Amino acid sequence: MHVALTGAAGRVASGIRPLLLARGWELVLLDVDAPAELASGERFVAADVRDGSALRRAFAGVDGVVHLGGVPSERSWDVIHDVNVLGTRAVLEAMVDAGVHRLFHASSVHASGFEPADAPTLAAPSDSFYGVGKLAAEAMVSVYADRFGLSAVSARIASYGPQPANVRALAMWLSPGDAARLVAAALTWDGPGHAVVWGVSANTRSPLDPEPGRAIGYHPLDDAEAHAHTVAPAGEEPLDRLGAGFCVRPLGIRGGR
Ligand SMILES: NC(=O)c1ccc[n+]([C@@H]2O[C@H](COP(=O)([O-])OP(=O)(O)OC[C@H]3O[C@@H](n4cnc5c(N)ncnc54)[C@H](O)[C@@H]3O)[C@@H](O)[C@H]2O)c1
């Protein structure tokens, strides 16, 4: 596979790139910032996700796109709309122009972050402008998938990291290995159409339904429970809703990251 990644200098991309290269994939890396290092099989193109002509050139000849680029947490609605919603639309337009039909779209649990933490569904409600932006981007992906015959997967990533970072992540963790398995499943899923799945590992404590993921061929192997002894006790963050602290922090104000 010859695959383009947006947001290629970011945390998720940096974790999965070696694992995708190990599958024999060749990667075109797109970001506004250059990745720290390039491996054999990787090529960097400086490109903003809102720059349609740069995207179109970079997508020529690729088999699929992994869309990770954008803002990864709460910001003003103007920023979320500009980068995450319009940026996703620009990615979709460029894919259609370049004749690319497979997409992995990094959505977020915050798209449905106001769901109860113990029994969440894929339904809205969102918990923040960030969550609304992911939901709007998913809707945009649906339109392009249906209109242009794309096979597209939006993964509502829960909590990505090398290890689970806190008590919430014992339920929500997505390991680098499973993130790579999820991307590989998404880009080999034949669709056509738009599937929405949870981006989570096989955590003993996960309340997230594994069935949508299984339906596209995603079979996670890692379990945060193996790291439970390394995790600090729960802090002040409310854990009754899926989006945790996002549900109570002021709208539009950058928190945490
Ligand atoms: N890390 C998680 O736990 C998590 C959870 C849910 C969803 N996600 C989603 O996964 C994706 C990647 O997250 P991450 O943790 O790697 O974030 P990150 O901030 O580490 O990486 C995002 C990358 O996008 C790039 N970027 C930002 N604006 C851009 C623009 N206008 N044009 C081109 N590139 C731009 C940044 O330079 C950065 O390298 C994001 O879409 C995020 O919303 C991540």
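Close-up 1. What you're looking at is a predicted model, where local features need pLDDT of at least 70, side-chain atom pairs count only at pLDDT 80 or more, and totals for chains, interfaces and linings use all residues. Residues are numbered from 1 along each chain as its sequence is written, and side-chain values use heavy atoms, with hydrogens and water left out. On that basis, 28 residues surround the ligand, with Arg11, Val12, Asp31, Tyr130 and Tyr160 the closest. Sorted by class, the shell has 14 nonpolar, 7 polar and 7 charged residues (Ala, Val, Leu, Ile, Met, Phe, Trp, Tyr, Cys and Pro are nonpolar; Asp, Glu, Lys and Arg are charged; the others, Gly among them, are polar).

**Close-up 2. Secondary structure around the ligand.** Helices (H or I, at least four residues) and strands (E, at least two) are DSSP runs, numbered from the N terminus. Which elements each supply at least two residues of the shell? They are helix H1 (11-21), strand S5 (102-108), helix H4 (129-148) and strand S7 (159-160). The largest share comes from S5, with 3 residues.

Close-up 3. A polar contact here is a pair of N or O atoms within 3.5 Å. Tyr160 puts a backbone N or O atom 2.8 Å from a ligand oxygen, and Val49 has a backbone N or O atom 2.9 Å from a ligand nitrogen. Taken alone, the ligand exposes 830 Å², and the protein buries 88% of that (Shrake-Rupley areas, 1.4 Å probe).

Close-up 4. Rolling a probe the size of a water molecule over the atoms shows where empty space is left. A cavity is a set of points, on a 1 Å grid over the protein atoms alone, where a 1.4 Å probe fits but cannot get out; lining residues have an atom within 4 Å of a point. A volume is the space filled by probe spheres set on the points, which are joined across faces, edges and corners. H1 and helix H6 (176-188) each supply at least two of the lining residues, and H6 gives the most, with 3.

**Close-up 5. The second largest pocket.** A pocket is an open set of grid points with protein on both sides within 12 Å along at least five of seven lines. About 200 Å³ of space lies in this one. Its lining has 13 residues, and Ser201, Ala202, Pro210, Arg214 and Pro220 lie nearest its centre. The lining divides into 7 nonpolar, 4 polar and 2 charged.

Close-up 6. Most residues other than glycine have a negative phi, and most peptide bonds are trans. The bond from Ala124 to Pro125 is cis, with omega near 25°, and Pro125 lies in the loop between S5 and H4. Gly191 to Pro192 is cis too, with omega near -10°; look for Pro192 in the loop between H6 and strand S9 (193-199). Ala244 is not a glycine, yet has a positive phi of about 45°, and sits in the segment after helix H7 (211-215).

Definitions and conventions
Near = heavy atom within 4 Å. Polar contact = N/O pair within 3.5 Å; in protein donor to acceptor, adjacent residues only side chain to side chain.
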